[in-house]
Amino acid sequence: MRILVVGGAGTIGKRLVPELRSRGHDVVVAGRTSGEVRVDLAEPETIAAMYREVGAVDAVVSIAAHGALDEFAKLTSAELRENMRAKFYGQAELVLQGQHRAADGASFTLTSGIFADEAWPHVTGGGVISGALHSFVLSAAIELPRGMRVNAVSPTMVGDSADEFGGHFPGMRPVPMDELVRHYLDCVEGDRTGTVVRAYA
Ligand SMILES: NC(=O)c1ccc[n+]([C@@H]2O[C@H](COP(=O)([O-])OP(=O)(O)OC[C@H]3O[C@@H](n4cnc5c(N)ncnc54)[C@H](OP(=O)(O)O)[C@@H]3O)[C@@H](O)[C@H]2O)c1
């Protein structure tokens, strides 16, 4: 398969991309400054340019952008909207534009996160982004044309980020990287659609 991985140079991507290549897939990595193709999920016109440059693909995997930490007592709706710009609207845009650009039967695999389902301090934005992505996947799956599929992987803190993020989320058990990579592979190579894969260790 020809697979576009947005954010493929990041923490999860560094594990997933070599695995996809070792399974014989032709992988194109996109990012704002990394990979072979430039895209900023916060800027819809760069998504259009990326699809024009890459051409028809059989799968799009998004493991890019993130929800910013926030402080509820000071949070404004304007900050919430800005927080959603890349990770929610950008990933939605990948599917909305991609439905007209990708090959018949193509799949979209988005990334959300555990805060859709578990409340932790300082992640109201992250929770709202991921909850919205889960609802988006549910609706998109029944309307995508030409046999296309869409799913989301919702990780808890991932093994390779435990040193960096563990202090923010004390007691949170990380999901092992090989387990997480298997979930992405299942979404790309399997036939499921409309599902949220909760990788909560
Ligand atoms: N790491 C965790 O513990 C964890 C847990 C739950 C959920 N997640 C989610 O999983 C996804 C990937 O996480 P990660 O830890 O692998 O992230 P990461 O290490 O920060 O890597 C993110 C990648 O995405 C690219 N990127 C960032 N912002 C972008 C944008 N606006 N447009 C296009 N590309 C962009 C970056 O490259 P450039 O800088 O070149 O753009 C980088 O290659 C994120 O949505 C994150 O919220 C991660």
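A nonpolar core is taken here as a set of buried Ala, Val, Leu, Ile, Met, Phe, Trp, Tyr and Cys residues joined through C-beta atoms within 7 Å. A residue is buried if 20 or more other C-beta atoms, placed from the backbone, lie within 10 Å of its own, exposed if 12 or fewer, and partly exposed in between. The model is predicted, with local features needing pLDDT of at least 70 and side-chain atom pairs pLDDT 80 or more, while totals for chains, interfaces and linings use all residues. Residues are numbered from 1 along each chain as its sequence is written.

The largest nonpolar core holds 52 residues, and Ile3, Leu4, Val5, Val6, Leu16, Val60 and Val61 have the most contacts inside it. Beyond its neighbours within four places in sequence, Val60 is in contact (C-beta atoms, placed from the backbone, within 7 Å) with Leu4, Leu94, Gly98, Ala102, Ala106 and Phe108.

Helices (H or I, at least four residues) and strands (E, at least two) are DSSP runs, numbered from the N terminus; strands pair if DSSP finds at least two bridges between them. Seven strands form an open sheet with parallel pairing, in the order β3-β2-β1-β4-β5-β6-β7. Strands β3 (37-38) and β7 (196-199) each have a single partner strand, so one side of each lacks a neighbour in the sheet. Strands β1 (residues 2-6) and β4 (residues 59-62) pair in parallel over 4 bridges, and Val6 has Ser62 as its bridge partner in β4.

Two non-glycine residues adopt positive phi: Ala65, at about 65°, and Arg146, at about 50°. Ala65, in the loop between β4 and α3 (77-101), is buried, with 22 other C-beta atoms within 10 Å. Arg146, in the loop between α4 and β6, counts as exposed, with 11 C-beta neighbours inside 10 Å.

Technical notes
Contact = placed C-beta atoms within 7 Å.
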